[in-house]
Amino acid sequence: MNMEKDGYINSINLNANTDFPYLVLDVINEHSYPRNPGFHVMHWHEDLQFIYVKRGKIKLITLGDSAITAAGEAVFINKNVVHQIQQIEDCQYNSFIFPDYFLGFYMGGPARAFVDNIAGKEQMPFFHFEPGTGWNESVLSALQKLDKLEKEKTEFYVYEVLLLLSEIWLLICKNISMPMERKKSATEIRMQTFLKHIEQHYSEDLSLADLAESANVSKSECLRCFKQSMGTTPYKYLIEYRLLQAAALLKSTDDTIECIANYVGFQQISHFGKCFKDKTGLSPREYRKQKSSQF
């Protein structure tokens, strides 16, 4: 178990409780289909993930690194990796999310070793696929076929998906050598502390000084770490995280909007309403009503 993910959001596969827990998201300019709240905070999931960029660019951010992926390229995100996706420019991408047991063929079989050699390994949080390299091209082609399958499902859809995912994994196993374990930078260690502190104290009156003190650094160093690692400020990230928690409460509880606003750390309901609408395009009341009708 990767202990670094403790305290971060576990993003659950929307199809996790089905007999085929394979989820494909079509994300266009931060709007996801199927719909999700659309908040952008550091999170992790127990599944493997491939992202294929169709238009524009995305920036993948982990606790220790980042990578830009442009149109026609793809990125693999390993399971249990704390990460965030930021869109750049006018952007569209497909996200393919699935459990690693899809690739083992059957329980206790010898193929499982080829899964465990890579899945969940901290030495490989992600891998970037670019056109122009023979086997990279094959992976990109397979991801395009997975996208096409979503639009043209046949009676063989499930089996075709499993074959393509296994084809991609075999290419990865044949062509990627596991890198040596990397030593964490000071910025990475500090960001891990900052983000955990936000997740544990977001509902409180959390100041920049409090956050900096959690890692025993100055306020300017805290600001520098956020800017370098995530391209944002601690305050903007905190607001985003509070809105994410509020959205979950609006969907799952009957608590009043004022109560939810106070609980997640907004001292003024008017400020909460404005921030929520700026982010989602809906008032908290409208968001709750829409989500209720969907379920």
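These are my notebook entries on a few things I looked up in this structure.

**Overall**
I'm working with a predicted model here. I started with the secondary structure and got 10 helices and nine strands. Next I checked burial: of the 295 residues in the protein, 48% are buried. For the accessible surface I have about 15300 Å², with carbon and sulfur atoms holding 52% of that. I also looked at contacts with a separation of 6 or more, and 70% of them are between residues 24 or more positions apart.

**Helices α4 and α6**
How do α4 and α6 sit relative to each other? I took α4 as residues 186-201 and α6 as residues 219-230. Their axes are 10 Å apart and the packing angle is about 100°. Angles of 65 to 115 degrees count as roughly perpendicular, so that is what I wrote down for this pair.

Which residues meet there? From α4 I listed Thr187, Arg190, Met191, Phe194, Leu195 and Ile198. On the α6 side I noted Glu221, Cys222, Arg224, Cys225, Phe226, Gln228, Ser229 and Met230. Sorted by class, this contact has eight nonpolar residues, along with three polar and three charged ones.

**Ser138**
I then picked out Ser138, which lies in helix α2, residues 134-151. Its relative accessibility is 31%. Buried would need under 20% and exposed over 50%, so Ser138 goes down as partly exposed. I also checked Ser138 against Leu171, which is 33 residues away along the chain. Their C-alpha atoms are separated by 8.1 Å.

Definitions and conventions. Residues are numbered from 1 along each chain as its sequence is written. This is a predicted model: local features need pLDDT of at least 70, side-chain atom pairs count only at pLDDT 80 or more; totals for chains, interfaces and linings use all residues. Side-chain values use heavy atoms; hydrogens and water are left out. Helices (H or I, at least four residues) and strands (E, at least two) are DSSP runs, numbered from the N terminus. Buried means under 20% relative accessible area, exposed over 50%, partly exposed in between (1.4 Å probe, protein chains only). Axes are lines fitted to C-alpha atoms, for helices over the stretch in contact, and angles run from 0 to 180 degrees between N-to-C directions. Angles under 35 degrees count as roughly parallel, over 145 as roughly antiparallel, 65 to 115 as roughly perpendicular and the rest as oblique. Contact means heavy atoms within 4.5 Å. Ala, Val, Leu, Ile, Met, Phe, Trp, Tyr, Cys and Pro count as nonpolar, Asp, Glu, Lys and Arg as charged, and the others, Gly among them, as polar. Accessible areas come from the Shrake-Rupley method with a 1.4 Å probe; for residues, only the protein chains shown count as cover.
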